[in-house]
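Here are my notes for anyone opening this one for the first time. Keep the viewer open and follow along point by point.

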Amino acid sequence: MAESTPALVDVFKEKAALVAAKVTEVADLSQAMRYVVQISEEKPPCELLAPEPGTQLGPLSENNLPTRIQPIIAAPDLDDEGFFALEKTCKAKGIRCIRNGLHRYLAGFDVGLVWAQFAIADSGTCVVSTTDEEVRLATMICESSVLLLRKSAIKANLASIAPQLRILQGTGNPESTTFITGPSRTADIERVLTIGVHGPLELHIILLEE
């Protein structure tokens, strides 16, 4: 994979910040895993948007919704080495780490961690392409979405990734390609901007060299 230029990385970071994404550069994957756990520790308890039988509940949130006591990080597309490293750190912090069965947590969970295949510098957009439903759920029903992104995957504009997208869409597999630009937002209701109505409340992008 071709190396990304520092100029493209700078443009991507600038544009991503403009749409309220939080971009962090790390030295390696182990540092990225520590950052993910830190996000889970620092965020408020997850609000449950639907009943979740068998879950130990905490106090009501400021929105008068029940909260889950134990935080959950879902990381469905980490390889075994990465997942077990994350799971070990999570256990020490009292955090549950899962990689499958995300449909059991449709009421919401704390952090969803997945890889982005590409990024578009001129709009601060990340592209997640997958055939795995678990990965799709991890980006949709979490409160904090975290995307791992290699700097070499940052391209100048949409046209720059068109050849790769054609290859992905031409495999014959049921590929789902999602363009993610900042956290979920809408102004449908009386033109008032609201964050998190249709998805995550915040987006973190972790940049790695490789």
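1. Start at Gly94. Bear in mind that this is a predicted model. Gly94 sits in the loop that links helix H3 (80-93) to strand E5 (96-98). Its relative accessibility is 39%, so Gly94 counts as partly exposed. Once neighbours within four places in sequence are set aside, Gly94 has contacts with Gln70 and Pro71. For a sense of distance, pick Pro174: it is 80 residues away from Gly94 along the chain, and the two C-alpha atoms are 36 Å apart.

2. Next, the sheet that E5 belongs to. It is an open sheet of 6 strands, ordered E1-E14-E9-E6-E4-E5, with parallel pairing. Strand E1 (21-25) and E5 are the edge strands, and each of them pairs on one side only. On average, neighbouring strands here are turned by 20 degrees against each other, direction ignored.

3. Strand E4 (residues 72-74) and E5 run parallel and are joined by 3 bridges. One to click on is Ala74, whose bridge partner in E5 is Ile98. Helix H3 packs on this sheet and touches E4, E5 and strand E6 (109-115). The direction of H3 makes about 165 degrees with that of E5.

4. Now some aromatics. How many aromatic pairs does the model have? The count is 1. The pair is Phe83 with Phe84: the ring centres are 6.0 Å apart and the planes stand at 70 degrees, so this is an edge-to-face pair. Phe83 is buried, at 4% relative accessible area, whereas Phe84 is partly exposed, at 46%.

5. The charged end of Arg99 sits over the Phe84 ring, 6.0 Å from its centre. Elsewhere, Arg150 lies over the face of Trp115, and there the distance to the ring centre is 4.2 Å.

6. On to the other sheet I would look at. This open sheet has 4 strands in the order E10-E7-E8-E11, and its pairing is mixed. Strand E10 (154-155) and E11 are at the edges with a single partner strand each, so one side of each has no neighbour in the sheet. As background, strands of a sheet pair through backbone hydrogen bonds, either parallel or antiparallel.

7. E7 and E10 pair in the parallel sense over 2 bridges, and Ala119 stands opposite Ile154 in E10. Strand E7 (residues 118-120) then pairs with E8 in the antiparallel sense, over 3 bridges. Here Phe118 is opposite Val127 in E8. E7 and E8 form a hairpin with 4 residues between them, and Gly124 in the turn has a positive phi of about 65 degrees.

8. E8 and strand E11 (residues 176-180) run antiparallel, with 5 bridges joining them. Thr130 has Ser176 as its bridge partner in E11.

9. Is E8 buried or exposed? Of the 6 residues in strand E8 (residues 125-130), 6 are buried, so the strand is largely enclosed by the rest of the structure. In a regular strand, side chains alternate between the two faces of the sheet. Both faces of E8 are covered: Thr125, Val127 and Ser129 are buried on one side, and Cys126, Val128 and Thr130 are buried on the other.

10. Last, the cysteines. The disulfide count is 0. Cys46 is buried, with a relative accessible area of 0%, and Cys126 is buried at 0%.

Methods:
Residues are numbered from 1 along each chain as its sequence is written. Side-chain values use heavy atoms; hydrogens and water are left out. Buried means under 20% relative accessible area, exposed over 50%, partly exposed in between (1.4 Å probe, protein chains only). Contact means heavy atoms within 4.5 Å. Rings of Phe, Tyr and Trp (its six-membered ring) pair if their centres lie within 6.5 Å; planes under 30 degrees apart count as stacked, over 60 as edge-to-face and the rest as tilted. A charge sits over a ring if NZ of Lys or CZ of Arg is within 6 Å of the ring centre and within 35 degrees of the ring normal. Two strands pair if DSSP finds at least two bridges between them. Axes are lines fitted to C-alpha atoms, for helices over the stretch in contact, and angles run from 0 to 180 degrees between N-to-C directions. A disulfide is a pair of cysteine sulfur atoms within 2.5 Å.
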